Amino acid sequence: MLLYNSAVSGNCYKVRLLAAQLDVPLELHELSVVDRSDRAEVLGGLNPALRVPTLVLDDGRPLAESNAILWYLGDGTRFVPEDRYERAQVLQWQFFEQYVHEPSIAVVRFLVAYSGEAEKHAQRIAERTAHGYVALDAMEAHLTGRSFLVAERYTLADISLYAYTHVAHEGRFDLAPYPAVRAWLDRVASQPGHIPIDA
């Protein structure tokens, strides 16, 4: 399978991490997260949103959106619970990740560490940072007394939220006040087959 990838993207990292843990080989085609001038030419026929990750299956069918790709790769494996309610909880945390967590923590990280013009976005960074701490507060409350997000086991939900949480410091987020989140990050990083984002 071919993955249109950006090495620093947490959304792309989710896919690479799960693939590594499933021992599924991926061919990578790198695209820049900053210079998007070739997106229409490269991804236009595959993903109308022109975003990475975009996965092209061996039969040529494309699939977009990181969490959808995780479900394609992970459904029927140990990373997805069989119980109907627990499966819905995995989705609940993935929706939280895309609607609450990623639009704040990932956006701030990009603006601070990768845009090259953080000072130009100071007000947006301040607003998004406040929202990012709301997301971290929710995670801390849920993870206190728990090992993982769903069913006391490592699932797609953990992969989805780990991707940008573990690099939140690149957006100047302080995780010191979040002991449950930090312990969870360590547990995720110790899972068999784990790879770092820069692997």
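Tutor: Let's start just past the end of H1, where Asp-23 has a positive phi of about 60°. Helices (H or I, at least four residues) and strands (E, at least two) are DSSP runs, numbered from the N terminus. Before going on, a caveat: this is a predicted model, so local features need pLDDT of at least 70 and side-chain atom pairs count only at pLDDT 80 or more, whereas totals for chains, interfaces and linings use all residues. Residues are numbered from 1 along each chain as its sequence is written, and side-chain values use heavy atoms, with hydrogens and water left out.

Now the other end of H1. There, a side-chain oxygen of Ser-9 comes to within 3.2 Å of the backbone nitrogen of Asn-11. That is a polar contact (N or O atoms within 3.5 Å; within protein, one must be able to donate a hydrogen and the other to accept it, and residues adjacent in sequence count only if both atoms are side-chain atoms). As for length, the 13 residues of H1 should span 18 Å at 1.5 Å a residue, and this agrees with its end C-alpha atoms, which are 18 Å apart. The expected span is 1.5 Å times one less than the number of residues.

How many residues of H1 are buried? The count is 11 of 13, so the helix is mostly covered. Buried means under 20% relative accessible area, exposed over 50%, and partly exposed in between, with a 1.4 Å probe and protein chains only.

Leu-156 ties back to where we began: leaving aside neighbours within four places in sequence, its contacts (heavy atoms within 4.5 Å) are Leu-18, Leu-70, Trp-71, Gly-74, Phe-79, Val-80, Val-90 and Gln-94.

H5 makes a handy contrast. Its buried residues are Ile-125, Thr-129, Gly-132, Ala-135, Leu-136, Met-139, Glu-140, His-142 and Leu-143. They sit on the same side of H5, because they cover an arc of only 150° around the axis, the arc being that of the directions from the helix axis to the C-beta atoms. On the other side, Gln-123, Val-134 and Ala-141 are exposed. H4, H6 and H7 are among what covers the buried residues of H5. Past H5 comes Gly-145, with a positive phi near 85°.

One residue of H4 also deserves a stop: Ser-104. At 0% relative accessibility, it counts as buried. Its side chain reaches the backbone oxygen of Val-100 at 2.9 Å. Beyond its neighbours within four places in sequence, Ser-104 touches Arg-128, His-131, Gly-132 and Phe-173.

Back to backbone geometry. Most residues other than glycine have a negative phi, and most peptide bonds are trans. Glu-65, in the loop between strand E4 (62-64) and H3, has a positive phi of about 75°. Ala-151, in the loop between H5 and H6, has a positive phi near 60°. The peptide bond from Val-52 to Pro-53 is cis, with omega near 0°.

Zooming out, the chain has seven helices and four strands, in the order β-α-β-α-β-β-α-α-α-α-α from the N terminus. Its radius of gyration (over C-alpha atoms) is 17 Å, close to the 16 Å that the globule rule gives for 199 residues, so the chain is as compact as a globular protein of that length. That rule is 2.2 Å times the number of residues to the power 0.38. Of the 199 residues, 48% count as buried.
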